Every structure is written in structure tokens, then in C-alpha cells.
Amino acid sequence: MFKEFKEFAMRGNVIDLAVGVIIGAAFGKIVASLVDDLIMPPIGQLLRGVDFSNLYIALKGEHYATLAEAKQHGDVTLNYGLFLNTVINFLIVAFCVFILVQQVNRWTRKPQPAAPEPTTKECPQCAMTIPIRAKKCPHCTTQIA
């Protein structure tokens, strides 16, 4: 059983997948920082100083200055500001993956399809097109070898 596990773990696909997951997690952190620290503050400033991370609805009906204060008082909240940040994170990651896949597809050459087998040939006597399996030209009646 250990030998089979070792063979499974050492396959190229498993190692490639592990590297992809690790790089993806690191890339996700970079994108989250990009959205939270660089994109959302200017958008919030354009919207008169709105901090998206503090946009929420308190379900008990009380209002607190920040989301952290509402959580501290044990209020149940719908955090639509954090949801907006997550949606923007997703859109940026999806766009980056799209660009990456598009570039990889450009770099990889697609194999050219093989030329199809000919279905016709020319009669050596009259130069008319005839089926490749023809033994006699239907136009000039020449025997085809």
C-alpha cells in the first residue's frame, strides 16, 4: 500500500496540481490585498468616503459605527460590503486567469490537420477529373492503369 501511495504521490500530475494550488493561494492573497488596499479605498473616496468593509445590515435593528463593533455586541449582520469586496476579488482573479490562458493558448502551436486523401485524379489522356478508383475515363474512354 505504501508503494502504491508513493507511486501516486510522485506522478507528475499530482506534483503539478500541488504547485498550482500553492501558487493559486499566494496569488489569491495578492489579489485580495490589491482589492482591499488599492482598489476599494479610491472607489470608497469617490463615493464620499464609504468604507466597503463596514457596509452591513444589523438584523437586530440596532446601528453600530463599524462592523467590528456590531460583532463585539453579538449582533447578527449581513455583510454586503465584504461581499462586494469578494465579488471584485473574484472578477480580478477570473480576468487574470483568462489573460493567462489566452497567452498560453497563443504560445502552444496547434497541430495542423493532415491533408485529406484525394478522391479524384486527372485522366492522362483528356485531363478531365475522374474518381480515383476509376479504371476507364468516362469522358474519353481511355483505360487507366
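**Exercise 1.** State whether alanine 127 is buried, partly exposed or exposed, and where this residue is found.

*Solution.* Step 1: alanine 127 has a relative accessible area of 47%. Step 2: buried means under 20% relative accessible area, exposed over 50%, and partly exposed in between (1.4 Å probe, protein chains only). Alanine 127 is therefore partly exposed. Step 3: alanine 127 is found in the loop between β3 (120–122) and β4 (129–131). Strands (E, at least two residues) and helices (H or I, at least four) are DSSP runs, numbered from the N terminus. Step 4: phi of alanine 127 is near 65 degrees, a positive value in a residue other than glycine.

The model is predicted: local features need pLDDT of at least 70, side-chain atom pairs count only at pLDDT 80 or more, and totals for chains, interfaces and linings use all residues. Residues are numbered from 1 along each chain as its sequence is written, and side-chain values use heavy atoms, with hydrogens and water left out.

**Exercise 2.** Classify threonine 141 by exposure and give its place.

*Solution.* Step 1: the relative accessible area of threonine 141 is 51%, so this residue is exposed. Step 2: threonine 141 is placed in the segment after β4. Step 3: its phi is near 65 degrees, a positive value in a residue other than glycine.

**Exercise 3.** Determine how many disulfides the structure has, and describe cysteine 137.

*Solution.* Step 1: a disulfide is a pair of cysteine sulfur atoms within 2.5 Å. Step 2: a search of the whole structure finds zero. Step 3: cysteine 137 is in no disulfide, and the nearest cysteine sulfur, that of cysteine 126, is 3.6 Å away. Step 4: cysteine 137 counts as buried because its relative accessibility is 1%. Step 5: cysteine 96, at 32%, counts as partly exposed.
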